Amino acid sequence: MDSRIQNVLIMSYKSLSFDLEKELFLHIACFFVGVDMDYVVKILEHDYNALSGIKSLSNRCLLSVSPNKKLMMHRLVQEMGKNIVRQESRFPIERSRVWLSGESHKILTKGEGSKSMEGLALDMQMLDKQMFTFKPSNLKTDALQKMDRLKLLKLNFVKLTGTYGNFSEDLRWLCWLGSDLRTIPSDLFMGNLVAIDMSYSKLEVFEAPMVLQSLQILNLTHSHDLSEIRNMSMIPHLQTLILWNCRSLTRVCKTIGDLKNLTLLNMTGCKNLCKSVKTDLDLKASTSGGKITKQPTFSFPSSLHRLFLNDCNLYCTDSFPLSFSAQQCMEYLNLGYSLFEFLPCYDHLKNLRVLDLTSCSMLKRLPCLPSTHAELYIYYCKSLEEINFQSHRFTLQEFGYEGCISLLEIEGFIKLVPITKLEGNDLGHMKWLKEYENHEVCLVGDDELTKGRSSCVQMLYEFNIMSTSLPDMEDPNMKSTYVSESSSLSFDMPPPPKNKRLKGVDVTFKYTISSDDDWVWFCKINTTNGVDLMYNPKVFGKPELGEVGIWLSYWPIGNTLDIGDKVNVSIAVINGLEVHECGVSLVYTDDKVAEENLENNIEWIEVLGGDLSGFQLSTRAYYLCRRDLFELMEVGRLNAGWFSILVGDTIEWTGMSLLSS
């Protein structure tokens, strides 16, 4: 079977219409399988029209591109490409490409070279793992100087002896991981290089020996001895600069700010890049035990699209405000593991899609985030209390917030506040809860929100519904008007008392935990006049096994209920709970008080609403839930009938449509 497949592939290869496509195919088969497509295109585009060539190879099923844009090639296709190269000559030195480290090692040991060589790879670490034994010898640059057509050179932890003059002027890619060079040799011709990768090098200073007009990518990752980068103006068309974990780096030439094409700058882990600037104010601070202000010695180019400054010990100061006012094209910004308490408003960054502030442990508040944000990561920002959006709406598509143990409010999404932090007026008719503010309740439902959080009684605000979980207790304020010893009850709306106005309803239920699996339940309210609400709170209390817990909630739906309406309230348990009692009380206020509050625009005038269109089902019911319950079902953790329990048999969950996203 393999031989038949290979014959088909050979025919496909022979059908390639241009020599350039064949050469491109061989380069990819020998050197670039599994590599990022954009990276390869930049390296090979000038010589091989790489972008159109990759499309052509894909059409012929010789190549594919993965969803994350990696070049993929079937094992048989790779082997076919390598066999084609092997057929060029019995001797590796006379072939166009040498990718086996053993063969490359022999070539460099003997100092041989040929004008036919276009690509060579040598990985000394791989040879060591394969336990190859070699005679003690020096690997010589002489062989490389003889390779006039060399375009691709990949050396991993290779030590070379000799001079670097007369290297191929066609060299496009230099990947020399673990180089022992301290500086770039002045006689090394780099004029046509498109990409340099000298990760894990011993470089102490990087300075281009000439103007590098073609260089687009420079990667110096984990070059731990690198202290300085000079004359960035010598690389005028640089697009990508990676300095990840260059922990000794203290100076980057100021001309980096003048680069017009730099779109990606990664300075992750460059902890010493900010140098001390001792002003008179700083000297006073140092003598009084205060901190000396730090600031970088360079500015960022305005062309940046992606910027990584995580783990750089950053402060937000007057000299380094982190406002990025000139970087209007910024799409991705990573400031993780920084030391600032506050950040400026980023509403001017209209293109910013991703903001990563992971482990900014001193950050307290995030104001005015632009509505263009798609992803926000604030993992373990343990001091962060509040997040606000420019649009006052939550529009994030991806949101990571585990370990934010002080987080009280995410505007438009959720608010979870310990009762101890609330005043009586904040609680409205539930102000009596202050008496129980020091009681403890284990919260579950959203591990990201509850992990490490205080266990004292908390108030959850979600969809304008207030809810809290309590231990089993008796209090006259919790005595319900309508009570059922089952999980549901119904009643007809009575006329309001004299001089009173209906605000909403309190719904309470008592329950025990019946298992340690996923606890999934909904509180449902529907009426004969069209109110149809299903709510699953983001978090709720988990009593100890066998003990009773209480869930108390307030729904501000008074304006939707009319005298005589039949109201049905139920607790729909999908998994893990047993309901022992549920109750409903009607909450009223004085007409005069309500009018005064409305006139003064006091925010706690409760009306369930805002824009809930994104939570409306095709049945017109509102499915108020922020948990991914459909995903739980897909992995077999919920039974197949849970959705019909909520909405009946009118629609299948697989066919459920939200009216807006």
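Predicted model: local features only at pLDDT ≥ 70, side-chain atom pairs only at ≥ 80, totals over all residues.
**Exercise 1. Confidence**

- Start with the chain as a whole: its mean pLDDT is 86, and 86% of its residues reach 70 or more.

**Exercise 2. A pair of cysteines**

Work out how many disulfides the structure holds, and check where Cys246 stands relative to Cys270.

*Solution.* 
- The count comes out at 0 disulfides.
- Take Cys246: its nearest cysteine sulfur belongs to Cys270, and that atom is 5.2 Å away.

**Exercise 3. Tying the chain together**

Find the salt-bridge partner of Asp38 and say which parts of the chain the pair connects.

*Solution.* 
- Search the whole structure and you get 22 salt bridges.
- In one of them, Asp38 pairs with Lys69, with 3.0 Å between the closest N and O atoms.
- Asp38 sits in helix H3 (residues 37-48), while Lys69 is in the loop between strand E1 (64-65) and strand E2 (71-72), so the bridge ties together parts 31 residues apart in sequence.
- Finally, check the accessibility: Asp38 is partly exposed at 33%, and Lys69 is partly exposed at 34%.

**Exercise 4. Bridges to Glu228**

Which side chains meet Glu228 in a salt bridge?

*Solution.* 
- Arg230 is one of them, its closest N and O atoms being 3.3 Å apart from those of Glu228.
- Arg251 also meets Glu228, at 3.0 Å from N to O.
- The Arg251 bridge links distant parts of the chain: Arg251 is in strand E14 (residues 251-252) and Glu228 in strand E12 (residues 228-229), 23 residues apart.
- Now for the surroundings. Glu228 has a relative accessible area of 18% and is buried, whereas Arg230 is partly exposed at 33% and Arg251 is partly exposed at 38%.
- While you're on salt bridges, have a look at the network that links Glu23, Arg97, Glu118 and Arg149.

**Exercise 5. Two packed helices**

Describe how H3 packs against helix H4 (residues 50-59).

*Solution.* 
- What do you need? Two packed helices are described by the angle between their axes and the distance between the axes.
- For H3 and H4 the angle is about 110° and the axes are 7 Å apart.
- Angles of 65 to 115 degrees count as roughly perpendicular, so H3 is roughly perpendicular to H4.
- Which residues make the contact? H3 brings in Met37, Val41, Leu44, Glu45 and Tyr48, and H4 answers with Ala50, Leu51 and Ile54.

Technical notes: Residues numbered from 1 in each chain as written. Heavy atoms only, no water. Disulfide = S-S within 2.5 Å. pLDDT = per-residue confidence, 0-100. Salt bridge = Lys/Arg side-chain N within 4 Å of Asp/Glu carboxyl O. Helix = DSSP H or I, 4+ residues; strand = E, 2+ residues; numbered from the N terminus. Buried < 20%, exposed > 50% of the residue type's maximum accessible area, 1.4 Å probe, protein only. Axes fitted to C-alpha atoms, helices over the stretch in contact; angles between N-to-C directions. Parallel < 35°, antiparallel > 145°, perpendicular 65-115°, else oblique. Contact = heavy atoms within 4.5 Å.
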